[in-house]
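Please read it with the sequence and the coordinates at hand.

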Amino acid sequence: MTVTATDERRLMEGSEAIAESAIAAGCRFFAGYPMTPFTEVLEYFAAKLPEVGGVCINAESELEAVGMAWGALAAGTRAATGSTGQGLSLMQESFSEITLAELPLVAFNMARGQQDYFQATRGGGHGDYRHIVLAPIDIAEAVELTQLAFHLADKWRTPVLLYGDYLTAHTQESVSVEPIDFGPVPDKPWAVDGSLNGTGDSRTVSPLGFNKHGQESPGTERHLRAVMAKLAEVQRAEVRYEEGFTDDAETVVVAYGTPAKFVRYVVSRLRAEGEKVGYVRPITLWPFPYEAVASAAAGTRTVAVFELCAGQMIDDVRLGVLGHAPVVGIGGISTDGSGFGVGPLLDAEIIRERILTVHHGGADAPLPPLPDDERGI
């Protein structure tokens with residue numbers, strides 16, 4: 001990976017940085033429907049894409065948005081869509097079809113907390129499919145992973161989802177947005193770009209493995225088997241994670257996305273105090289870093305999972321640990337009045353207290369309750 005221009009840092013809101021990074025990666029079509037905390041991503045695309053000859057459409061709904069992106073992708077354009085998890089619920093049928101049609105969609109989820117983990121990693125559509133999911137820890141990493149998303153989408157001809165949240169979209173950091181060279185990607189001989197009209201050899205894009213009448217088709221079964229074989233290769237090749245202090249850790253904390261930055265800070269402070277704790281941060285939620293989690297858990301007393309939901313990623317952590325250590329959730333539902341996942345659990349002192357509770361008391365130790373919320377929610 002190389003950055004192809006000088007490092008010029010600016011104070012930017014995450015939504016703006018993501019839009020600029022996508023444009024730097026060659027995105028030239030975006031369609032979406034406004035829904036907080038995603039709305040500003042759409043607004044920045046609307047402001048910036050026309051400046052580079054691109055198109056942004058505020059669609060009638062999320063259904064139309066993903067359909068418009070499908071059309072642009074089929075023509076060979078780098079295209080994207082996005083929403084919150086609630087809006088992406090409406091796109092699930094198209095996500096499954098686009099995956100099986102092998103189209104390189106990039107989707108942005110500026111989620112309301114972390115309740116969309118199952119949606120992102122399992123999908124709500126039909127058929128055998130998975131797509132790559134990237135979870136940035138902050139805006140700087142979101143800039144990098146946004147461009148990586150477009151690269152991986154073209155490299156593997158599969159959708160890639162960037163899983164952000166309210167803080168990713170609405171906080172500000174000093175970042176540099178420059179084109180990143182991740183290496184070459186395949187050409188797009190499959191693109192339905194009109195160049196073969198009237199030749200008798202025009203193309204089609206299908207999730208069922210069909211070609212036009214008179215042309216050889218692999219058929220549905222062979223096509224689906226080939227897509228599954230490709231996704232198995234993705235699962236081996238594209239695992240990404242970060243870990244720290246795991247060599248001698250007696251307690252390992254697993255966390256992803258923005259909350260993982262809080263966890264990483266707390267763990268580093270506890271280490272400085274002599275506590276044998278460590279952390280693993282999945283960067284790819286799919287493919288999930290099972291081997292890294294298993295390795296970090298070897299010899300530990302407890303594996304703690306911090307996520308802002310009732311417990312979803314914890315299922316994957318348990319699959320990685322495979323019973324070699326107790327796995328306990330130390331996160332939970334914690335939100336503000338708007339449901340955006342910015343609640344009292346995102347407090348370093350509370351995270352510290354919960355880590356120390358399981359570190360000293362074991363997996364069965366009762367977690368301290370959250371402080372009373374004065375707003376009564």
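In which loop is R78 found? The first point takes up this question; the model discussed throughout is a predicted one.

1. **R78 and its surroundings.** R78 is found in the loop between α3 (62-74) and β5 (79-83). The side chain of R78 makes a polar contact of 2.7 Å with that of D154. When residues up to four places away in sequence are not counted, R78 touches A25, G26, C27, R28, F29, F150, H151, D154, V185 and K188.

2. **Helix α3.** The end C-alpha atoms of α3 are 18 Å apart, which agrees with the 18 Å that its 13 residues should span at 1.5 Å a residue. At the start of the helix, a side-chain oxygen of S61 comes to within 3.2 Å of the backbone nitrogen of L63. The buried residues of α3 are E62, A65, V66, A69, A72, L73 and A74. These buried residues pack against β3, β5, α4 (85-89) and α5 (92-100). The helix is followed by G76, which has a positive phi near 100°.

3. **Overall dimensions.** The chain contains 13 helices and 16 strands. Its radius of gyration is 21 Å, close to the 21 Å that the globule rule gives for 377 residues, so the chain is as compact as a globular protein of that length. The C-alpha trace spans about 75 × 45 × 45 Å along its principal axes. Of the 377 residues, 54% count as buried. Among contacts in the chain with a separation of 6 or more, 78% are between residues 24 or more positions apart.

4. In soluble globular proteins, nonpolar side chains tend to be buried together. The largest nonpolar core here has 83 residues, of which F30, F45, F108 and V317 touch the most other members. Helix α7 (residues 139-156) supplies the largest share of this core, with eight residues. A second, separate core has 23 residues, including A255, V263, V267 and Y279. As for V317, its contacts, leaving aside neighbours within four places in sequence, are with V254, F288, V293, V303, V305 and V327.

5. **Aromatic pairs.** The count of aromatic pairs comes to ten. One of them is formed by F30 and F45, whose rings are stacked at 4.0 Å centre to centre with 10° between the planes. This pair links distant parts of the chain, with F30 in strand β3 (residues 29-32) and F45 in helix α2 (residues 39-48), 15 residues apart. Why does F30 count as buried? F30 counts as buried because its relative accessibility is 0%, under the cut-off of 20%. F45 is likewise buried, with a relative accessible area of 0%. A tilted pair is formed by Y117 and Y256, at 5.6 Å centre to centre and 50° between the planes. Here too distant parts of the chain are linked: Y117 lies in helix α6 (residues 117-122) and Y256 in the loop between β12 (251-254) and α10 (257-272), 139 residues apart. Both Y117 and Y256 are buried.

6. **Cis peptide bonds.** The peptide bond from T36 to P37 is cis, with omega near 10°. P37 is found in the loop between β3 and α2. W286 and P287 are also joined by a cis peptide bond, with omega about 0°. P287 is found in the loop between β14 (284-286) and α11 (290-297). A reader checking the backbone may wish to inspect both sites.

7. E102 is not a glycine, yet its phi is positive, about 60°. This residue lies in the loop between α5 and β6 (106-111). Is E102 buried or exposed? E102 is buried, because its relative accessible area of 17% is under the cut-off of 20%. L322, also a residue other than glycine, has a positive phi near 55°. L322 is placed in the loop between α12 (313-321) and β16 (327-329). With a relative accessible area of 62%, over the 50% cut-off, L322 is therefore exposed.

Methods. Residues numbered from 1 in each chain as written. Predicted model: local features only at pLDDT ≥ 70, side-chain atom pairs only at ≥ 80, totals over all residues. Heavy atoms only, no water. Phe/Tyr/Trp six-rings, centres within 6.5 Å; stacked < 30°, edge-to-face > 60°. Helix = DSSP H or I, 4+ residues; strand = E, 2+ residues; numbered from the N terminus. Buried < 20%, exposed > 50% of the residue type's maximum accessible area, 1.4 Å probe, protein only. Polar contact = N/O pair within 3.5 Å; in protein donor to acceptor, adjacent residues only side chain to side chain. Contact = heavy atoms within 4.5 Å. Core = buried A, V, L, I, M, F, W, Y, C linked by side-chain atoms within 4.5 Å. Expected span 1.5 Å × (residues − 1). Rg over C-alpha atoms; globule rule 2.2 N^0.38 Å.
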